[in-house]
Amino acid sequence: MDNQQLNRLQPPLEAQLHGIDPGWQPVVDAWLESLPGQALVGFVDQRLAAGATVFPARPLRALELTPLAQVRVVLLGQDPYHGAGQAEGLAFSVPEGVPLPPSLRNVYKELQRDLGVKPPRNGHLVAWAQRGVLLLNTTLTVEEGKPASHAKRGWEALTDALIRAAAADANPKVFMLWGAHAQAKRPLIEAAGGDHLVLVSNHPSPLAATKPPIPFMGNGHFGQASAFLAERGRPIDWQL
């Protein structure tokens, strides 16, 4: 079975929305019962029935790998990769053997510059997810070759609720908001209060990574996150 077959969503969508960490389940259940949740499920299932190729196979994989109680860092992405074999349900991450996307290449460059971490040969970020880095896109499915094709269809009601739940949890966390889209979620975090660090910069995309107002390259976010969490007894390991 090739990467495209492994990573494409199989109908019905709702069958792929279970098996997640119990800490997240009430948030997902409430969304599934809501009008935005029902509308999103209906929309995706209609697209699948019409023959659309939808990625990834497990839209809630971030919630499977990173329990709410273990979240140390929330790293927000926007939209799953829309190329065959790329998206795997984790923001910025691609399966082993898939070429590094340009944004992730810049993430690795900054990680090495900031902390001296040698970049791995692949873009598979599962190790981060298992150590408490919630790799959450704000839209969780996409059609092949059609970026943002499932944006503003109902996923945002769920991902906003997940961001609020992470911010409301008392454990200290770092929220990394790269680019205007992620930064728009800052009010959700600040409204919850809590002992959290919010870090903002441009997106790591080559189109913005070195430009003002806050270049991604040189932002020092990995070091700041490590120091903040270590001081609070929640160290994070960025090795891959």
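This briefing describes the annotated sites, core, helix packing and backbone features of one predicted model. Residues are numbered from 1 along each chain as its sequence is written, and side-chain values use heavy atoms, with hydrogens and water left out. Because the model is predicted, local features need pLDDT of at least 70 and side-chain atom pairs count only at pLDDT 80 or more, while totals for chains, interfaces and linings use all residues. Helices (H or I, at least four residues) and strands (E, at least two) are DSSP runs, numbered from the N terminus.

**Annotated regions**

- An unreviewed UniProt entry lists residues 64-229 as "domain: Uracil-DNA glycosylase-like"; UniProt positions are given in the numbering used here, feature names are shortened, and annotations may be inferred rather than shown by experiment.
- The span of residues 64-229 is 33% helix and 14% strand, and its end C-alpha atoms lie 23 Å apart.
- The "active site" annotation in the unreviewed UniProt entry covers Asp79, which lies in the loop between strand 2 (73-77) and helix 5.
- Leaving aside neighbours within four places in sequence, Asp79 is in contact with Asn137, Thr139, Thr141, Val142, Pro147 and Ala148, where contact means heavy atoms within 4.5 Å.

**Loop between strand 2 and helix 5**

- Ala84 also belongs to the loop between strand 2 and helix 5, and Ala84 is partly exposed, with a relative accessible area of 39%; buried means under 20% relative accessible area, exposed over 50%, and partly exposed in between (1.4 Å probe, protein chains only).
- Ala84 and Gly145 are 61 residues apart along the chain, and their C-alpha atoms are separated by 8.3 Å.
- Phe92 lies in the loop between strand 2 and helix 5 and counts as buried at 9% relative accessibility.
- The phi of Phe92 is near 75°, a positive value in a residue other than glycine.

**Nonpolar core**

- The largest nonpolar core has 75 residues, of which Trp24, Trp128 and Trp238 touch the most other members; such a core is a set of buried Ala, Val, Leu, Ile, Met, Phe, Trp, Tyr and Cys residues joined through side-chain atoms within 4.5 Å.
- Helix 7 (residues 155-168) gives the most to this core, with 8 residues.
- Apart from neighbours within four places in sequence, the contacts of Trp128 include Leu75, Val107, Leu111, Phe222 and Trp238.
- Ile189 lies in helix 9 (residues 186-192) and is buried, with a relative accessible area of 2%.
- Not counting residues up to four places away in sequence, Ile189 touches Ile163, Ala167, Phe175, Leu177 and Val198.

**Helix 5 and helix 10**

- The axes of helix 5 (residues 102-115) and helix 10 (residues 221-231) come within 8 Å and cross at roughly 60°; axes are lines fitted to C-alpha atoms, for helices over the stretch in contact, and angles run from 0 to 180 degrees between N-to-C directions.
- Helix 5 contributes Val107, Glu110, Leu111, Asp114 and Leu115 to the contact, and helix 10 contributes His221, Phe222, Gly223 and Ser226.
- By class, this contact of helix 5 with helix 10 has 4 nonpolar, 3 polar and 2 charged residues; Ala, Val, Leu, Ile, Met, Phe, Trp, Tyr, Cys and Pro count as nonpolar, Asp, Glu, Lys and Arg as charged, and the others, Gly among them, as polar.
- Within helix 10, the buried residues are His221, Phe222, Ala225, Ser226, Phe228 and Leu229.
- The cover over these buried residues of helix 10 includes strand 2, helix 5, helix 6 (126-130), strand 5 (173-178) and strand 6 (196-201).
- Gly233, whose phi is positive, near 70°, follows helix 10.

**Helix 2 and helix 3**

- Helix 2 (residues 25-33) packs against helix 3 (residues 35-49) at an angle of about 75°, with the axes 4 Å apart.
- Helix 2 and helix 3 are therefore roughly perpendicular to each other.
- Trp31, Leu32 and Glu33 of helix 2 meet Leu35, Pro36, Gly37, Gln38, Leu40 and Val41 of helix 3 in this contact.

**Further backbone features**

- The peptide bond from Pro11 to Pro12 is cis, with omega near -5°, and Pro12 lies in the loop between helix 1 (3-7) and helix 2.
- The peptide bond from Pro212 to Pro213 is cis, with omega near 10°, and Pro213 is in the loop between strand 6 and helix 10.
- Ala148, in the loop between strand 4 (142-143) and helix 7, has a positive phi near 65° and counts as partly exposed at 42% relative accessibility.

Methods:
Parallel < 35°, antiparallel > 145°, perpendicular 65-115°, else oblique.
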